[in-house]
Amino acid sequence: MTRRTVLGVLTPSSNTVMEPMLGRMLAGTPDVTAHFARFRVTEISLGEAALGQFDFGSQLAAADLLADAKVDAIAWGGTSGGWVGIDQDRELCRQITERTDAPATTSTLALLAAFEALGVRDYALVTPYLEDVQRRIVGNFSREGYGCVAERHLNDKGNFSFSEFGEEVIAEMVRAVAAERPGAIAIYCTNFNGTRLAPELEEELGIPILDSVALTAWHTMQLAGADPRRVEGWGRLFTHSAEAPRSQGTEPSRPLAADG
């Protein structure tokens, strides 16, 4: 009997995109399944209460519940590392792995792994976020060595409302930043309807389109030992070798220490 690969995903409570979209992505690989644990996230801003949503307590408690399902890897399916701090994502992954013995990643670390796999240094950024959140993301990615050459944002603090924007809005934003010919375009939010759109725009524009939901699936499958190339039709990233870099995220044999 073929052994299942079981993926665990920590999901914002107000997110209505990630869970059904990952189900669609994995429909052709019935031996790879995704399972979800939620914790409360209702606003994306730099306010104290909004930032406090990403304190580790609720995330680790949700990860503990996923561990009961014997998951092969755990992802924080959110992009908070972009504005709260990428080192915080690394430390979250270290603590998840320490508690559950499962390798861990986040949607932000998955994006950095994709940049590394594709050899990307300059990118364009498309989000629904507030202007100050967007600036924080650009600054944090710059400190990692990645330069933003163009960006568009919708100035919304959501989080639920992010899912209400249609694909046509996102497509317009992507086409606008594509004019600068970045090495890749990041659709950076797991509650944004860019996942189905991304492969179509890749073909149209000839630029890698890196959607946060798809990235999370790609990197979590790698950490779980599953070959992402089996997930067909979701963009060029999934055609890369399963041996693409694991330098972002943790593995139980050698969990990463927090930087800084």
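T106 sits in strand β4, which spans residues 104-106. In this predicted model, T106 has a relative accessibility of 0% and therefore counts as buried. Leaving aside residues up to four places away in sequence, T106 touches W76, D89 and C93.

One of these partners, C93, leads on to the cysteines. C93, which is in contact with T106, is itself buried, since its relative accessible area is 1% and the cut-off for burial is under 20%. A search for disulfides across the whole structure returns zero. For C93, the nearest cysteine sulfur belongs to C189 and is 18 Å away, whereas a disulfide would call for two sulfur atoms within 2.5 Å. C189 is likewise in no disulfide, and the nearest cysteine sulfur to that residue, that of C148, is 16 Å away. With a relative accessible area of 2%, C189 also counts as buried.

Attention now turns to the space inside the model. Rolling a probe the size of a water molecule over the atoms shows where empty space is left. Four cavities of 30 Å³ or more are counted in this way. The largest cavity holds about 80 Å³ of space. Its lining is made up of 16 residues, and those nearest the centre of the cavity are P12, I44, G78, T79 and N159. Sorted by class, the lining of the largest cavity comprises eight nonpolar and eight polar residues, with no charged residues.

The second largest cavity has a volume of about 60 Å³. Residues from several parts of the sequence line this cavity, namely A198, E202, I209, L210, D211, A214, L215, W234, G235, R236, L237 and F238. Of the elements, β8 gives the most, with three residues. The lining of the second largest cavity divides into eight nonpolar residues, one polar residue and three charged residues.

Set side by side, the two linings can be read by class. Eight nonpolar residues are found in the lining of the largest cavity, and eight are found in that of the second largest cavity.

Notes. Residues are numbered from 1 along each chain as its sequence is written. This is a predicted model: local features need pLDDT of at least 70, side-chain atom pairs count only at pLDDT 80 or more; totals for chains, interfaces and linings use all residues. Side-chain values use heavy atoms; hydrogens and water are left out. On a 1 Å grid over the protein atoms alone, a cavity is a set of points where a 1.4 Å probe fits but cannot get out, and a pocket is an open set with protein on both sides within 12 Å along at least five of seven lines; lining residues have an atom within 4 Å of a point. Grid points are joined across faces, edges and corners, and a volume is the space filled by probe spheres set on the points. Ala, Val, Leu, Ile, Met, Phe, Trp, Tyr, Cys and Pro count as nonpolar, Asp, Glu, Lys and Arg as charged, and the others, Gly among them, as polar. Helices (H or I, at least four residues) and strands (E, at least two) are DSSP runs, numbered from the N terminus. Buried means under 20% relative accessible area, exposed over 50%, partly exposed in between (1.4 Å probe, protein chains only). Contact means heavy atoms within 4.5 Å.
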